[in-house]
Amino acid sequence: MQINPVKGTHDIYNEESKEYSLLINQASNIAERFNYVKMTTPILESTNLFVRSVGESSDIVNKEMYTFLDKGGRSLTLRPEVTAGIMRSIATNKLYANAELPLKYYYVGPCFRYERPQAGRYRQFHQFGIEAVGNPSAQLDAETISLGYLYLKSLKFSNVKVVINSLGDEETRINYRNALKQYFSQYIENMCEDCKRRFETNPLRILDCKVPEDNEIAKNAPKLSDFLSDNAREYFDRVLNLLKLFGVDNIVIDNSLVRGLDYYTGVVWEYHISSNDATDVGAIGGGGHYKNLLKEIGGPDLEGVGLAIGLERAHYLWSTLVKKEPVDNKLDFYIAPMGDNALEVGIKFATSLREKGYSVSIPYENKSLKSLLKSASKSNAKFAIIIGDEEINNDNYIIKDLSNGVQTNIKFNDIVGEQLNLNNEIIEKLNNK
Ligand code: HAM
């Protein structure tokens, strides 16, 4: 009986796996350019962590979490996002003590949400994200937004758009919440059960309702922008101005953007890639400022800001819109030994080249020269090194450029000596990874 993958999950292999590696390496590279350091937190956390951070009024906590009791009767959850785990780690490991603030962490890893699988929506997906904690400022907010923008630009997307809004400060949110309650109170009786619950827990969430009739009602609800306090408006303007300095030049203000997690305060945003050539998979990423999250889960009173990019969505859009040719991660050398003596020399060559930092493949069985060269080109190697008894006796080996068939003669020590001693053309091809 064949066992199928779990609904909403997918395997990443072969060419696609190389493409994901490219997306992840580039993300890590950009995060490190902004002085973020990598953090890895557990995929399993106490359910309570997400209830208190992502929030009881969010769809994620209400409907989408993979929650179960372990054999010791503890309620555990497969993380639906990573921010909460990073905050938990900052709190439990007291990473803020004696540290230069802001703390800056980036992460890459799987997340789980029980959603209806569709284009760009999985039950297990991967996020790259960053969190900066302990230095609330418009400058840090703008820099964070620019990091995601720079990342997507560096992947050569031509139409990256930042959709942005401000949820304001405490004063803004109290006034707006009251206004929403007043507005929705006339309709709530006839709205969906989720909206009834949201009305009690967080009326802001009603604005996100996907039920068409409720959505119509929400369209005429009071606008958050009309409730922004002077301070919040000024802060938001500062972020918008700084974004220009940080090179973020495609910004759309959307007063209806509230985002699906409860911990946000202040500036929130999403990244979108628009193109007629690709299915609309929704936001490629998003983020925001969170004032109380760390405190809420038992940490110190430090504010933070962060973002996450969905790697499945980034990969789909990148492979549809940007990718022109296969990701080149060619094997540097294929060793082609003919016979047992040759195999011994071949293993020495392979070991020495691997020590020097090159990728090498060597067969595990005896083959004819023809079949060795066939394997070499099937392995996508740049060069084959041919070894036979005659080559050993004369200390005269053949290195063959598989892109054009050009052969060069080399000596044993050219490979196993301290330095690789090959002509410039070969070295150039090897280094052009
Ligand atoms: P989020 O908007 O819930 O934010 O998720 C970020 C990104 O993850 C989305 O824009 C999307 O690309 C991807 N994503 C979410 N759900 C799925 C899914 N079911 N299938 C495929 N991709 C998905 C957060 O998670 C926040 N933690 C971001 C953040 C970090 N805010 C502050 N710091």
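**Briefing: salt bridges and ligand shell**

At 22% relative accessibility, aspartate 70 is classed as partly exposed. The structure is a predicted model, and aspartate 70 pairs in it with arginine 74 through a side-chain salt bridge of 2.8 Å, N to O. Arginine 74 counts as exposed, at 51% relative accessibility. In total, the structure holds 19 salt bridges.

**Further salt bridges**

- Lysine 382 and aspartate 332 form a side-chain salt bridge with an N to O distance of 3.7 Å. Lysine 382 belongs to strand β14 (residues 381-387) and aspartate 332 to strand β12, so this pair ties together parts that lie 50 residues apart in sequence.
- Both partners are buried: lysine 382 has a relative accessible area of 10%, and aspartate 332 has 1%.
- A salt bridge of 2.6 Å, N to O, joins the side chains of lysine 323 and glutamate 19. The pair links distant parts of the chain, 304 residues apart: glutamate 19 is in helix α1 (residues 14-33), and lysine 323 is in the loop between α11 (311-321) and β12 (331-337).
- Lysine 323 is partly exposed at 29%, whereas glutamate 19 is buried at 3% relative accessibility.
- Lys63, Asp194 and Arg197 are linked in a network of salt bridges.

**Ligand shell**

- Of the 27 residues around the ligand, Glu81, Thr83, Glu115, Tyr122 and Tyr264 come nearest.
- The shell residues comprise 11 nonpolar, nine polar and seven charged.
- β10 contributes the most to the shell, with five residues.
- A ligand nitrogen atom lies 2.6 Å from a polar side-chain atom of tyrosine 264, and a ligand nitrogen atom is 2.8 Å from a polar backbone atom of tyrosine 122.
- The ligand taken alone exposes 660 Å², of which the protein buries 96%.

Notes. Residues are numbered from 1 along each chain as its sequence is written. This is a predicted model: local features need pLDDT of at least 70, side-chain atom pairs count only at pLDDT 80 or more; totals for chains, interfaces and linings use all residues. Side-chain values use heavy atoms; hydrogens and water are left out. A residue is near a molecule or strand if one of its heavy atoms lies within 4 Å of it. A polar contact is a pair of N or O atoms within 3.5 Å; within protein, one must be able to donate a hydrogen and the other to accept it, and residues adjacent in sequence count only if both atoms are side-chain atoms. Accessible areas come from the Shrake-Rupley method with a 1.4 Å probe; for residues, only the protein chains shown count as cover. Helices (H or I, at least four residues) and strands (E, at least two) are DSSP runs, numbered from the N terminus. Ala, Val, Leu, Ile, Met, Phe, Trp, Tyr, Cys and Pro count as nonpolar, Asp, Glu, Lys and Arg as charged, and the others, Gly among them, as polar. A salt bridge is a side-chain nitrogen of Lys or Arg within 4 Å of a carboxyl oxygen of Asp or Glu. Buried means under 20% relative accessible area, exposed over 50%, partly exposed in between (1.4 Å probe, protein chains only).
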